[in-house]
Amino acid sequence: MTELQKLDNLYVANTYARFPIDLVKGEGCLYLDGNGKEYIDLGTGIGVTAFGACDNEWKNAVIGQLDRLQHTSNLYYTEPCANLAKLLCEKTGLKKVFFANSGAEANECAIKVARKYFEDKTGKQGYIITLTNSFHGRTLTTLSATGQDKFHELFNPLTSGFLHADVGDTQKIKSYIAKYPVCAIMIELVQGEGGINALPYDFVQDVYKLCQENDIILVVDEVQTGNGRTGKLYAFEHFDILPDVVTTAKGLGGGLPIGACMIGSKAENVLTFGTHGSTYGGNPVCSAGAISVISRLTPELLKSVEEKGEYIKRELSKAEGVENVTGLGLMLGIKTKKPIKEVVSYCLEKGVLVLTAKDKLRLLPPLNIPFELLEKAVGIIKEALK
Ligand code: PLP
């Protein structure tokens, strides 16, 4: 164990099972550890560094803003915050943005919007339906939204008012709507932490229609799927829907903490003065980084994300030791025949940073990873799978 690992273990709360690697520097898709060993990054810090480590364009946007102003609080107007909100609304068709600092916080905002929309309309308290195997964050309320019992144990009492249905079980959702005052349905379109499973298109259409017919807020959690990750700016575009609320974080800031809760026309006026807030939300430096990321997600870039995703899928679905490959764009899950721990250890040993999701290998490479590096990394994964 290195001195750094000993120090960290002694003083940092033990909530993470870190890999035994000290990362000290990164450039684009390559990282160096404390011994000078090089790694190809296929994890982007769990879907965050969309354009790789210390990318020049992103860095210049952030440093440019740091030279002007790093923080004002939300008592004042700043250009990056307003410009980022405009960019997101124009690109999505949604109408208003509340900025937070993480995915869980963006989801907290969405939950408040849904509940207040219902209170304003009916004077009643609303229930929210989420899906089994979902993941919506680690705050107590987003844990309650998360449809996995293992996250609920030890933290009771949880926030009440959440109901869970299995993916595909439209009947269950209908029965909840008949029985409870339901204000929202909240879904990930590709369940990320749950194992990189895209929801079936028809099920999403059913949920969308049920929401429209019953004036229920459809919240799509795009914390992981958003910002170009699946080959569309937001994954809802794959499903031909326009949600009422879309939350995102991770890749949005390119490595700085920012979350966004984007609200469509139905609920655009629900949040009013004093009903929500955040000291850091819309921070000018994080917003400048996010403007740089979003501006670069051009149709050409998104097309290349799809193509690289297709390449990985093609190569790995026919590789020895693979049961199947799931996911969209550059958000992929690989069900391996070998125990996942062995596969990951081999990849790390050979200099490829990978992730897991449940019992799958999870790949979230930089969106602009050069093809040659991707080819090299895929070659190493293939060896690992044998
Ligand atoms: N929602 C989804 C779909 C996620 O994948 C995550 C994190 O993995 C979150 C919410 C929570 O985001 P954060 O860790 O930024 O709070």
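Cys 54 sits in the loop between helix α2 (44-47) and helix α3 (56-66). Its phi is positive, about 50°, although Cys 54 is not a glycine. Most residues other than glycine have a negative phi, and most peptide bonds are trans. The peptide bond from Asn 156 to Pro 157 is cis, with omega near 0°. Pro 157 belongs to the loop between α7 (149-152) and β6 (162-165). Helices (H or I, at least four residues) and strands (E, at least two) are DSSP runs, numbered from the N terminus.

This is a predicted model: local features need pLDDT of at least 70, side-chain atom pairs count only at pLDDT 80 or more, and totals for chains, interfaces and linings use all residues. Residues are numbered from 1 along each chain as its sequence is written, and side-chain values use heavy atoms, with hydrogens and water left out.

**The ligand site**

| Residue | Protein atom | Ligand atom | Distance |
|---|---|---|---|
| Gly 103 | polar backbone atom | oxygen | 2.8 Å |
| Asp 221 | side-chain N or O atom | nitrogen | 2.8 Å |
| Lys 250 | polar side-chain atom | oxygen | 3.2 Å |

Taken alone, the ligand exposes 390 Å², and the protein buries 82% of that. Accessible areas come from the Shrake-Rupley method with a 1.4 Å probe.

**Pocket and cavity**

Rolling a probe the size of a water molecule over the atoms shows where empty space is left. On a 1 Å grid over the protein atoms alone, a cavity is a set of points where a 1.4 Å probe fits but cannot get out; a pocket is an open set with protein on both sides within 12 Å along at least five of seven lines; lining residues have an atom within 4 Å of a point. A volume is the space filled by probe spheres set on the points.

The second largest pocket holds about 880 Å³ of space. Of its 31 lining residues, Asn 74, Cys 81, Val 97, Phe 98 and Phe 99 are the closest to its centre. α4 (79-92) and β4 (96-100) each supply at least two lining residues. The largest share, four residues, comes from β4. By class, this lining has 14 nonpolar, 15 polar and two charged residues.

The whole structure has one cavity of 30 Å³ or more. Among the residues lining the largest cavity are Gly 47, Arg 229 and Leu 367.

**An open sheet**

Four strands form an open sheet in the order β1-β2-β3-β15, with mixed pairing. β1 and β15 (352-353) are the edge strands, each pairing on one side only. Two strands pair if DSSP finds at least two bridges between them. β1 (residues 23-27) and β2 (residues 30-33) run antiparallel, joined by four bridges. Leu 23 has Asp 33 as its bridge partner in β2. β1 and β2 form a hairpin with two residues between them. Gly 28, in the turn, has a positive phi of about 60°.

Technical notes:
A polar contact is a pair of N or O atoms within 3.5 Å; within protein, one must be able to donate a hydrogen and the other to accept it, and residues adjacent in sequence count only if both atoms are side-chain atoms. Ala, Val, Leu, Ile, Met, Phe, Trp, Tyr, Cys and Pro count as nonpolar, Asp, Glu, Lys and Arg as charged, and the others, Gly among them, as polar.
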